[in-house]
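The following exercises are meant to be worked through with the structure on screen. Please try each task before reading its solution.

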Amino acid sequence: MIRLRPLPRPKNPPQSTTWNPERHSVMTLRLRAPRRLVAVASAGALALSLAACGGTTKDSSSDSGNKAAAGDGKADPNAPLKKGLKIAFLPKQVNNPYETIVDNAGIAAAKEYGGSAKEVGPSDASASSQVSYINTLIQQRHDAILIAANDQNAVCGPLKQAMAKKIKVVAYDSDTAPECRNVFINQASSEEIGRSEVKLLADQIGGKGDIAILSATANATNQNTWIKYMQDELKKPEYSGMKLVKIAYGDDDDQKSFQQTQGLLQAYPNLKGIISPTTVGIAAAARYIDGSKYKGKVTLTGLGTPDQMRKFIKDGTVKSFELWDPKNLGYLASYAAAALSSGQITGKQGETFKAGKLGERTIGANGEVILGPPTVFDAKNIDQYHF
Amino acid sequence: MTTDTKSAPRGLSLGRLLRWETAVTALLVIVFAGGAGFSPDFANTDNLSFALGDLSEIALIALPMTLLVVCGQVDLSVASVLGLCSALTGKLWDGGMAIETIIPIVLVVGVVCGLVNGLLVTRLGLPSLAVTIGTMTLYRGLAYVVLGTEAISEFPTRYTNLATESIPGMPIPYPIALFAVLAIITAVVLHATGVGRSLFAIGSQEDAAYFAGIRVKRLKLVLFVVSGLVAGFAGIVFTLRYGSARADNGLGLELTVIAAVLLGGIDFDGGKGTLGGVIAAVLLIGLLRNLLMLNDVSTEVQSIVTGLLLIISVLTPRLIAVVREAQGRRRGARPVPSAAAP
């Protein structure tokens, strides 16, 4: 027991009783000393016995391989797509406009090949919240689970269980650890996205000045990969005038992204440009800049959807931004799930499958299928796109 | 002061509480039976074991939380302690330390977190709600200091299996088995010992308890320390269960725990309730969530259902009290004992 002072003395001790703090504390001390000794001794004994066991450290237990989960059995590229396949999309979070577009396109694609699809998911983009949904989808015996992972490792265990039950796993948008899925549909090569965003911004600010990044959650796999390539691109001599002063995280939350933008502009008055590689972040940042004194002074670019950004392109807050076509991403993921479930592919490098209107696709290294280069949207072409 | 529900002097009001816990248990049975009949994927070993495992941290933390609320306190920092301990587990593991050494270290950190809460509440006399709102932010901040925005994974399978697998042949994951043991101990302490009676006494009338010779501050301090210890342990369980140590682990978990405690019939003002009700409420929340998810009910509706349950649980006893009082007045009889009870 921890005691800082002697027992509290009642504020108004009854007059009849005598209070002798000295005697009191001596008594409690006598009682306490052995007890404390016992506690220390037992804690020490525990620690010793544990240390004596040797112990499991990171180095002694590095048993996890890093190879993609290549399916067993042989791929038969000419196998027909099975009818009545049941697949489910598990986005990072529901009610995220971008994820909704991707998933709806995937659900529509499933109708094309005679399957049924649905979207389920958590309302917050935390690491653990997707796990319950994976279990549910396993219980519901889906043919394939398509997941945009919030944390590449937290979802691993349940996804492996799913694969052990012959459920195919397709990661899209944000990858899981490679051994926890059959294929990953990469929206665009990460390198291309990272580098092209720096270029897009440099063109607008003349390659000079302080810049900042407004990202999603700090752990988001895809954003972090892009940022890595952005930082690498910035090392090139042609960008030597640009200085990345801060990476802020808006957690893919509209309000938080809005506040982070406000904070960035106040903390760095010389800021010339912001890159927001997330659709939630760029829309919130544009809204803030649009209503602030920084409009026209700070350049914003990044990844956004045309519907969200149309207003800001038209009023000049934002000149250009980019994105792959999310509909095609969902469409391709849906077809990949069908191809896996029908045995056309197993997830090995070099296997090919037909993805409806997108034509034939080949699985690359690490079980990745790349969608294609991103599209740049500006005042000239934005009205051709509606998503 | 006595806590034995049957021999309590506040006969009527405690009889009512007893019925509330029975109601929660009945609802649990209905949800289970309904789920089993309604959804073929519900009552199988795999799903039940998962649904229970998903409750591990909530169930563990609910035990000390029950004791705290019974004595009129609350600890809102538990989820942040969980996050801090998870982050620390990851950091030390990544630094090459043996997991067997990490666990005791992390538990000590949990104890220290609880001790800080307890000292602020007992030594400075601050309200626990205010103190733990503060430390909730503080500990979460420390978690980010420890691990930043990294996510550490690749924990040893021997330990992650312990956190995720079930006792062979039973749908009971190991953390839940441990919870069962701790629940029995907590129930004995709360309902069959002098310490438990003291907690109820503190919760009903702190000054009276103090003058009755109960060491109010010491008991509170111990409870906060135990709360920190259990939250720290839950942090280790969380980390191993998901195989991922992150600073934002368990964000918002404290609200689910408190919801379960209130739904279980513990009076937020302290002094009333039983652990049985809380255990039933924890299981009810978990099974209901699982069942709704299996039936493709959207997350929004899930939140609405949990929220409504909570409001009903807080409202019903008060409504019954009001109705009783009105009845008593109409009869023109003496005041009803329940209305007179503090």
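Two residues are counted as being in contact if their C-beta atoms, placed from the backbone, lie within 7 Å. The model is a predicted one.

**Exercise 1.** Using this cut-off, work out how many residues of chain A are in contact with chain B, and which helices of chain A supply the side that touches chain B.

Solution. Begin with the count: 39 residues of chain A are in contact with 38 residues of chain B. Next, assign the chain A side to its helices, where H1 (21–52), H3 (129–139) and H4 (156–164) of chain A each supply at least two residues. The largest share, 6 residues, comes from H3(A).

**Exercise 2.** Determine the order of the strands in the open sheet of chain A, and explain why one side of E2 and of E13 is left without a neighbour.

Solution. First trace the sheet, in which 6 parallel-paired strands follow the order E2-E1-E3-E4-E5-E13. Strands E2 (116–119) and E13 (368–370) of chain A stand at the edges and have a single partner strand each, so one side of each lacks a neighbour in the sheet. On average, and with direction ignored, neighbouring strands of the sheet are turned by 20° against each other.

Then place the helices. H2 (residues 97–112) of chain A packs on the sheet, touching E1 (86–90), E2 and E3 (144–147) of chain A, and its direction makes about 165° with that of E2(A). H10 (residues 326–341) of chain A lies across E1, E2, E3, E4 (168–172), E5 and E13 of chain A, and runs at about 160° to E4(A).

**Exercise 3.** Describe how the two assigned domains of chain A are placed and how they touch.

Solution. The domain assignment gives domain 1 as 86–188 + 326–372 and domain 2 as 190–323. Taken over C-alpha atoms, the centres of these two domains of chain A are separated by 28 Å. Across the boundary, 12 residues of domain 1 are in contact with 12 residues of domain 2, and the domain 1 side divides into 6 nonpolar, 3 polar and 3 charged residues.

**Exercise 4.** Decide whether helix H12 of chain B is mostly covered or mostly exposed.

Solution. Of the 11 residues in H12 (residues 253–263) of chain B, 10 are buried, and the helix is therefore mostly covered. Among the buried residues are B:Leu253, B:Glu254 and B:Val257. H12(B) is followed by B:Gly265, which has a positive phi near 95°.

Notes. Residues are numbered from 1 along each chain as its sequence is written. Chains are lettered from A and ligands numbered from 1 in the order in which they are written. This is a predicted model: local features need pLDDT of at least 70, side-chain atom pairs count only at pLDDT 80 or more; totals for chains, interfaces and linings use all residues. A residue is buried if 20 or more other C-beta atoms lie within 10 Å of its own, exposed if 12 or fewer, and partly exposed in between; C-beta atoms are placed from the backbone. Helices (H or I, at least four residues) and strands (E, at least two) are DSSP runs, numbered from the N terminus. Domain bounds come from an automatic or database domain assignment. Ala, Val, Leu, Ile, Met, Phe, Trp, Tyr, Cys and Pro count as nonpolar, Asp, Glu, Lys and Arg as charged, and the others, Gly among them, as polar. Two strands pair if DSSP finds at least two bridges between them. Axes are lines fitted to C-alpha atoms, for helices over the stretch in contact, and angles run from 0 to 180 degrees between N-to-C directions.
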